[in-house]
Amino acid sequence: MQTNKPNGCANESRRSFFKKSTAIAALAAMPPLLAKAGENDEKLAEYFEKVPLQLEINGKPYSLTVEPRVTLLDLLREQLGLTGTKKGCDHGQCGCCTVHVDGQRINSCLSLAVMNHGKKVTTIEGIANGDNLHPMQTAFMKHDGFQCGYCTPGQIMSAICCIREGHAGTPEEIREYMSGNICRCGAYPNIIDAITEVKKGGQPL
Amino acid sequence: MINFEYTKASSTKTAIDASLKNNNAKFIAGGTNLVDLMKKGITAPQRLIDITALPLKNINSDAKGITIGALVANSAAAENETVKTKYPLLAMALNAGASAQLRNMATVGGNIMQRTRCSYFYDITMPCNKRNPGTGCGAAEGYNRMHAVFGASDKCIAVHPSDMCVALAALNATVNISSSKGDKKILFTDFHRLPGDTPELDNNLQAGELITAIHIPANNFNKAYYLKIRDRLSYAFALVSVAVALEVKNGIIKDVSLAMGGVAHKPWRLTAVEKFLIGKTASQQVFKDAAAMAMDGATTYEHNTYKIKLGKAAVLEALTKAVV
């Protein structure tokens with residue numbers, strides 16, 4: 001088992017195998033179709049045109065080109081390999097894909113990447129300070145704020161903003177303002193304990 | 001998602017001009033509803049016009065009322081001090097909608113334009129006159145637990161999903177609109193449509209028209225409450241909701257506005273109940289009598305008969321909580 005890879009991805013080989021095999025299958029199927037469409041319909045080619053996109057992710061500037069239909073979530077995961085941000089429902093109902101854009105929590109699955117031009121994005125990969133975990137990460141570990149862990153990146157990103165926004169005053173308020181993050185394992189009581197502890201700690205987030 | 005052309009408008013005029021050049025173009029701001037609809041294949045615009053750079057992000061208030069720019073985020077509107085202190089009904093309704101993440105993305109203008117969450121509208125394998133006119137209404141004979149009890153037609157029994165809009169209907173808001181012909185205002189209660197024979201039309205906004213702001217006139221309401229009843233405590237659409245604003249002086253109801261959500265194709269004002277309440281004492285007995293008549297004229301379907309009892313109880317509770 002590979003661990004502690006710089007990009008935090010333990011299944012690098014499996015993931016890249018899938019990527020390559022999908023790409024080969026797509027190549028085999030696409031050229032005749034595309035070539036014909038390109039000859040016949042200039043407009044179709046226009047639709048596939050990628051647009052330039054500059055943004056900052058976890059403090060690093062990126063200069064990219066994307067299709068307009070690519071969501072911020074898919075850009076992070078599929079093009080940039082930042083797979084810490086999870087795809088749950090892909091419809092803004094579960095909160096797994098929560099990231100910060102210009103300091104505000106949003107659902108990256110419902111945000112077109114191209115509409116984030118010039119903005120600063122922070123993902124779960126960007127909140128630790130080197131080897132020092134973010135206080136919210138430490139608190140989630142201490143309080144067992146998860147079981148399977150799939151919703152955890154979204155929970156943590158959302159929890160940081162819940163405190164920043166001033167909505168972590170009581171357990172009831174935390175429940176209300178964290179309701180956009182679903183945990184099907186049901187770790188809610190421990191998540192609330194983790195957030196409450198970080199809130200009481202008073203560290204700048 | 002089917003790909004599309006993307007353009008970013010630099011001014012209201014260029015946005016409107018761009019929309020007139022392509023009759024399958026849509027404006028996009030928060031995108032929380034539109035991107036979802038595009039992923040599901042319910043809508044497939046050929047061009048998206050990004051309006052997020054337009055100067056429509058201000059909240060201005062004076063003695064006449066408050067004007068909230070179309071691009072103000074739902075969360076920003078809900079946290080605005082003037083909204084919280086002078087128009088608390090709007091803040092309560094905004095906070096009852098969606099989740100913190102979605103409220104950060106969703107704009108006030110987009111909230112008004114959001115489409116129904118009817119499960120038959122959302123399932124492209126099902127008949128739906130709103131999505132695909134002439135195919136029939138799946139909900140009328142189907143699982144219609146979430147559906148309308150007021151103002152529906154045999155073509156469509158969907159409900160409007162917004163909480164914010166219920167408060168705006170109660171607060172006598174207007175929608176400010178720009179087009180190539182100039183600016184105009186539509187009374188909020190005239191903005192959304194009943195389904196009738198054209199359920200594909202949610203509202204009266206015409207091609208090439210862009211919502212620039214909402215305006216709420218100043219009022220003398222000193223009591224307000226937004227009650228939302230849903231299947232879970234947070235982050236779910238309303239089964240029934242009630243927005244109430246009252247002006248109570250020396251125990252007498254001088255003025256009242258009452259609107260319901262989750263019961264019709266548009267926010268539903270209870271004008272007969274309002275008339276009944278004005279001039280009466282703000283007492284439990286009066287509120288009970290008002291609640292008893294709240295659902296008069298309702299038509300139910302197989303799975304939503306519960307909305308009659310729930311609607312009356314919700315009106316009573318909202319009035320009671322407003323005056324506490």
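Which strands of chain B form an open sheet of four, and in what order? To find out, select β9, β10, β11 and β12 of chain B: the order is β9-β10-β11-β12, and the pairing is antiparallel. Strands here are DSSP runs of E with at least two residues, helices are runs of H or I with at least four, and both are numbered from the N terminus. Two strands pair if DSSP finds at least two bridges between them.

This is a predicted model, in which local features need pLDDT of at least 70 and side-chain atom pairs count only at pLDDT 80 or more, while totals for chains, interfaces and linings use all residues. Residues are numbered from 1 along each chain as its sequence is written, chains are lettered from A and ligands numbered from 1 in the order in which they are written, and side-chain values use heavy atoms, with hydrogens and water left out.

**The four-stranded sheet of chain B**

Stay on this sheet and color its edges, β9 (223-229) and β12 (268-269) of chain B; each has a single partner strand, so one side of each is left without a neighbour in the sheet. Next select residues 240-249 and 252-261 of chain B, which are β10 and β11, joined by nine bridges. V248(B) stands opposite I253(B) in β11(B).

Helix α5 (residues 88-96) of chain B lies across β9 and β10, running at about 15 degrees to β9(B). Helix α13 (residues 306-323) of chain B lies across β9, β10 and β11, at about 35 degrees to β10(B). Axes are lines fitted to C-alpha atoms, for helices over the stretch in contact, and angles run from 0 to 180 degrees between N-to-C directions. Contact means heavy atoms within 4.5 Å.

**The three-stranded sheet of chain B**

Move to the open sheet with the order β1-β3-β2 in chain B, where pairing is parallel. Its edges are β1 (5-8) and β2 (25-28), each with a single partner strand, so one side of each has no neighbour in the sheet. From one strand to the next the twist averages 25 degrees. Four bridges pair β1(B) with β3 (residues 47-50), and T7(B) has I49(B) as its bridge partner. Show helix α1 (residues 12-21) of chain B: this helix packs on the sheet, touches β2 and β3, and makes about 175 degrees with the direction of β3(B).

**Between the chains**

Select the contact residues, 32 from chain B and 33 from chain A. The area buried between the chains (accessible area, 1.4 Å probe, that two parts lose on being put together, summed over both) is about 2800 Å², with carbon and sulfur atoms giving 52%. In chain B, N3(B), K39(B) and Q101(B) lose the most area to chain A, together 23% of what that side buries.

Zoom in on K39(B) and D90(A), which form a salt bridge with the closest N and O atoms 2.8 Å apart. The rule (a side-chain nitrogen of Lys or Arg within 4 Å of a carboxyl oxygen of Asp or Glu) finds one salt bridge across the interface.

**Hairpins of chain A**

Select residues 51-57 and 60-66 of chain A: β1 and β2 pair in the antiparallel sense over seven bridges. P52(A) has T65(A) as its bridge partner. Two residues lie between these strands, and N58(A) takes a positive phi near 50 degrees.

Finish at β3 (residues 98-101) and β4 (residues 104-107) of chain A, antiparallel strands joined by four bridges. Here H100(A) is the bridge partner of R105(A), and D102(A) takes a positive phi near 50 degrees.
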